Amino acid sequence: MRYFVVIAFFFCNCLIAQEANNNMIKSDIKANFSVNVLEAYEENSFLKVKDFYQFLEIYSSKNSSEALQKQVKQNIYSLFKENVLVSDFFTSDKITIEKLLEKIASKGLKFELQNIQKEATSSNFWTASYALTISRDKETLQKNVQQKIYFYPEEKSFGSKRKEIWSILLGEIQ
């Protein structure tokens, strides 16, 4: 009887460990996509990074109305994973996106990205690095930036059908 309990216990633990491993593999980027498909997703994520800085430029424009700023703010939030901290461009502090937007509102900033490339891939994100130039009037600030880009499966509803899709959201900026 004791052997049966030990074997049953061992068998249950093996099943639980296998299920945990299957869930990890299911959400692992490299296990689900070919190199070519991953490169296409990475390129799409770089476009989202560029969109973010274009939105910041519109938001910081001296001519942006409150209605436009409100819409741009919503678009920026839709690009990011929730509760993300970003690097303050003017100090080395980590701040929320809300604080960043407060700091740049109506400042007339221009943002230019150069040399965006993937640095590393983890199980559910990759890190992009790029050179960022921020200018206003005749002042220019240059920074080397690293940013996490999250790529993960989530279940979406399409009418009565549910389907697993992979989403890209921007993450922490350093």
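Student: Which residues does Phe-80 touch, not counting residues up to four places away in sequence?

Tutor: The model is a predicted one, in which local features need pLDDT of at least 70 and side-chain atom pairs count only at pLDDT 80 or more, while totals for chains, interfaces and linings use all residues. Residues are numbered from 1 along each chain as its sequence is written, and side-chain values use heavy atoms, with hydrogens and water left out. Contact means heavy atoms within 4.5 Å. Leaving aside residues up to four places away in sequence, Phe-80 touches Phe-52, Val-86, Ile-97, Gln-147, Leu-169, Leu-170, Gly-171 and Ile-173.

Student: Is Phe-80 buried or exposed, and what is its relative accessible area?

Tutor: Phe-80 belongs to the loop between helix 4 and strand 1 (85–87); helices (H or I, at least four residues) and strands (E, at least two) are DSSP runs, numbered from the N terminus. Buried means under 20% relative accessible area, exposed over 50%, and partly exposed in between, with a 1.4 Å probe and protein chains only. Phe-80 therefore counts as buried, its relative accessible area being 5%.

Student: What distance separates the C-alpha atoms of Phe-80 and Ile-168?

Tutor: Along the chain, Phe-80 and Ile-168 are 88 residues apart. The separation of their C-alpha atoms is 8.7 Å.

Student: In what order do the elements of the protein chain run from the N terminus on?

Tutor: The protein chain has 5 helices and 6 strands. Of its 174 residues, 30% count as buried. Among contacts between residues at least 6 apart in sequence, 54% join residues at least 24 apart. From the N terminus on, the order of elements is α-α-α-α-β-β-α-β-β-β-β.

Student: At what angle do helix 4 and helix 5 pack?

Tutor: Axes are lines fitted to C-alpha atoms, for helices over the stretch in contact, and angles run from 0 to 180 degrees between N-to-C directions. The axes of helix 4 (residues 66–79) and helix 5 (residues 97–104) are 11 Å apart, and the two helices pack at an angle of about 145°.

Student: Which residues make the contact of helix 4 and helix 5?

Tutor: The crossing of helix 4 and helix 5 is right-handed; a crossing is left-handed if the near helix is turned anticlockwise from the far one by less than a right angle, and right-handed if clockwise. The contact residues divide into 4 nonpolar, no polar and 2 charged, where Ala, Val, Leu, Ile, Met, Phe, Trp, Tyr, Cys and Pro count as nonpolar, Asp, Glu, Lys and Arg as charged, and the others, Gly among them, as polar. Helix 5 contributes Ile-97, Glu-98 and Leu-101, and helix 4 contributes Lys-73, Ile-76 and Tyr-77.

Student: What is the phi of Asp-137?

Tutor: Asp-137 lies in the loop between strand 4 (125–136) and strand 5 (139–158). At 68% relative accessibility, Asp-137 counts as exposed. Although Asp-137 is not a glycine, its phi is positive, at about 55°.
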